[in-house]
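Please look over the sequence and the structure before reading on.

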Amino acid sequence: MLFRSVTIDPFNSVDAYYTGGNEVAFLARELYGRIVVFDEYTGKFIPELAKSFERINPTTIDFEIRDDVTFHSGNKFSADDVFYTLNWAIDPNVKLRNKERYSWVSKVEKLGPNKIRLIGKEPFAADIFTIAYRFYIVDSKIHSAMPDKANYGRANPSTTGLYKIVSVDENKGVALERFEPNV
């Protein structure tokens, strides 16, 4: 079944890292997997692409990453995708529209095949909220190979969410189809 999303403000990318606006942010939450999400009904953070997470100290959070997820491209999701995405987003050489959303992170470490550690520069009260609402995980195999990373959300947006992106057209909208996980 094909779904089409049409908005008042046209956009030509479903990449919330590069494209601003509420429409893209809303859509990205349905398309891209996130390490954790905030359940607005229960008021709790729950793992999505993580199996679990643990606050180690006021600046450090460890994530046990799931190993049973597949991107819409068919690529296997792994801790490498989380490690790549977070390090790419915090890289000072990467120019993003809202870079301040990521500049509070000091570093990201891979502690094992399925374990990631995120370390903040200093205690940040909204760290887990920011992770839940702003850190969208990309398919590192596709993203890293693209010469212009800003094209990821237009040309080949491989995600892990409920809907697979079929096409993105500024004039026609975004065509989606329901994604039935194959795990």
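**Build and interior of the chain**

The chain has five helices and nine strands, where helices (H or I, at least four residues) and strands (E, at least two) are DSSP runs numbered from the N terminus. This is a predicted model, in which local features need pLDDT of at least 70 and side-chain atom pairs count only at pLDDT 80 or more, while totals for chains, interfaces and linings use all residues. Residues are numbered from 1 along each chain as its sequence is written, and side-chain values use heavy atoms, with hydrogens and water left out.

Read from the N terminus, the order of elements is β-α-β-β-β-β-α-β-β-α-α-α-β-β. The radius of gyration of the chain is 16 Å, close to the 16 Å given by the globule rule for 183 residues, so the chain is as compact as a globular protein of that length. That radius is taken over C-alpha atoms, and the rule is 2.2 Å times the number of residues to the power 0.38. Along the principal axes, the C-alpha atoms fill a box of roughly 45 × 35 × 35 Å.

Of the 183 residues, 46% are buried (under 20% relative accessible area, with a 1.4 Å probe and protein chains only). The largest nonpolar core has 49 residues; such a core is a set of buried Ala, Val, Leu, Ile, Met, Phe, Trp, Tyr and Cys residues joined through side-chain atoms within 4.5 Å. Val 14, Tyr 17, Ile 35, Phe 63, Ile 65 and Ile 131 touch the most other members. Helix H2 (79-90) is among the elements that each supply at least two residues of this core, and H2 gives the largest share, seven residues.

Methods
Buried < 20%, exposed > 50% of the residue type's maximum accessible area, 1.4 Å probe, protein only.
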